[in-house]
Amino acid sequence: MKIEKSVFGTLRYKIAYPENFDKNKKYPVLFFMHGAGERGDNMDLLDIHGVFYEIKKGREFDFICIAPQCEADLVWFDKLPFVKEFILDFIKNPFVDVSNVLLSGISMGGYMSWQLLMSLPEVFKKAVIFCGGGMYWNAGRIKAEVWAIHGLKDATVYVEESMKMVNKILATGGKAKLTIMEEAEHNCWTVNYKKQEIYDWLLS
C-alpha cells in the first residue's frame, strides 16, 4: 500500500491507499484511532499498533486507511471537533464510498471511537472497538453495527465498559456484539488485527 503523511489544520494524519489506487473508483475507508501511547508529533508511532502495524509489515488491504494523531499533551476528546471536521471533509472526496465508512480504535482510541459513533451516527457503517467505553446511556444514538472486543483480565479499562455499551445498543434495537477474551489483558488488539476475520466482517 502507498503510505503518505499529511495534515488537516492542526491534525496530523497518516493515510494508506490500496495498491493500484484509482481516484476514479470508489473505496471503503477505515479510520483508525490510536491509543494513549502513540500520541506526539512522530507519526511513525502510528505503526506500533493496529492496522498501520499490519500495513508496515507489508499487508495489503482493499480499502483506504487513515490514522489521525493526537498531540502528546492532549487526549482524543480534546480533539473531537477537529476529528469530526476532518472525517466529514475527507469523505467528500469522490473516491470515497460513503456507504462504506468504517471505524476502529484501541484503548483511548476505543473511547474516541464510541464517541464518534454517537456524534456522527449517520457516517459509519461498521466499527471494531478494542477495550473502550463511553457514555452508555447515549449509545442508543449509534446506527453503525459494532463489534466490541475486550480482555477479561484488562486492569486498565475494565471489561464492563464494553459490556455497558453493547448492552445499551442491543436494548435500543441496534446491532452490536461483544467478544470477551478470557485470558487477555489490556492489549487484546494485536492478535485480532492479524485476523482476516476482522476485515472480512468490516467489509461484509
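1. Lys5 and Asp44 form a salt bridge in which the closest N and O atoms are 3.1 Å apart (a salt bridge being a side-chain nitrogen of Lys or Arg within 4 Å of a carboxyl oxygen of Asp or Glu). Lys5 belongs to strand 1 (residues 2–8) and Asp44 to the loop between strand 3 and helix 1 (50–56), so the pair ties together parts that are 39 residues apart in sequence; helices (H or I, at least four residues) and strands (E, at least two) are DSSP runs, numbered from the N terminus. Lys5 counts as partly exposed at 48% relative accessibility, and Asp44 counts as partly exposed at 39%, where buried means under 20% relative accessible area, exposed over 50%, and partly exposed in between (1.4 Å probe, protein chains only).

2. On the basis of the coordinates, this is a predicted model, in which local features need pLDDT of at least 70 and side-chain atom pairs count only at pLDDT 80 or more, whereas totals for chains, interfaces and linings use all residues. Residues are numbered from 1 along each chain as its sequence is written, and side-chain values use heavy atoms, with hydrogens and water left out.

3. A second salt bridge joins the side chains of Lys14 and Asp47, at 3.1 Å from N to O. This pair links distant parts of the chain, with Lys14 in strand 2 (residues 11–17) and Asp47 in the loop between strand 3 and helix 1, 33 residues apart, and both Lys14 and Asp47 are buried. Lys5, Lys14, Asp44, Asp47 and Lys56 are linked in a network of salt bridges.

4. The structure holds 10 salt bridges, and one of them is formed by Lys143 with Glu122, whose closest N and O atoms are 2.5 Å apart. Lys143 lies in the loop between strand 6 (126–130) and strand 7 (145–151), and Glu122 in the loop between helix 3 (108–119) and strand 6, so the pair ties together parts that are 21 residues apart in sequence. Both Lys143 and Glu122 are exposed.

5. As to the overall fold, the protein has six helices and eight strands, which follow the pattern β-β-β-α-β-α-β-α-β-β-α-β-α-α when read along the sequence. The radius of gyration is 16 Å, close to the 17 Å that the globule rule gives for 204 residues, so the protein is as compact as a globular protein of that length; the radius is taken over C-alpha atoms, and the rule is 2.2 Å times the number of residues to the power 0.38. The C-alpha trace spans about 40 × 35 × 30 Å along its principal axes.

6. Buried residues make up 53% of the 204 residues. Among contacts (heavy atoms within 4.5 Å) between residues at least 6 apart in sequence, 70% join residues at least 24 apart. The protein exposes about 9300 Å², of which carbon and sulfur atoms supply 52%; accessible areas come from the Shrake-Rupley method with a 1.4 Å probe, and for residues only the protein chains shown count as cover.

7. A search of the whole structure finds 17 aromatic pairs; rings of Phe, Tyr and Trp (its six-membered ring) pair if their centres lie within 6.5 Å, with planes under 30 degrees apart counted as stacked, over 60 as edge-to-face and the rest as tilted. Phe32 and Tyr193 form an edge-to-face pair, 5.9 Å centre to centre with 80° between the planes. Phe32 lies in strand 3 (residues 27–33) and Tyr193 in helix 5 (residues 190–193), so this pair ties together parts that are 161 residues apart in sequence, and both Phe32 and Tyr193 are buried.

8. The ring centres of Tyr136 and Trp137 are 5.3 Å apart and their planes lie at 75°, so this pair is edge-to-face. Tyr136 is partly exposed, with a relative accessible area of 34%, whereas Trp137 counts as exposed at 55% relative accessibility. Phe8, Tyr13, Tyr17, Phe21, Tyr27, Phe31, Phe86, Phe90 and Phe95 form one aromatic cluster.

9. His186 lies in the loop between strand 8 (176–181) and helix 5, and is buried, with a relative accessible area of 17%. Leaving aside neighbours within four places in sequence, His186 is in contact with Ser107, Cys131, Asp154, Thr156 and Val157.
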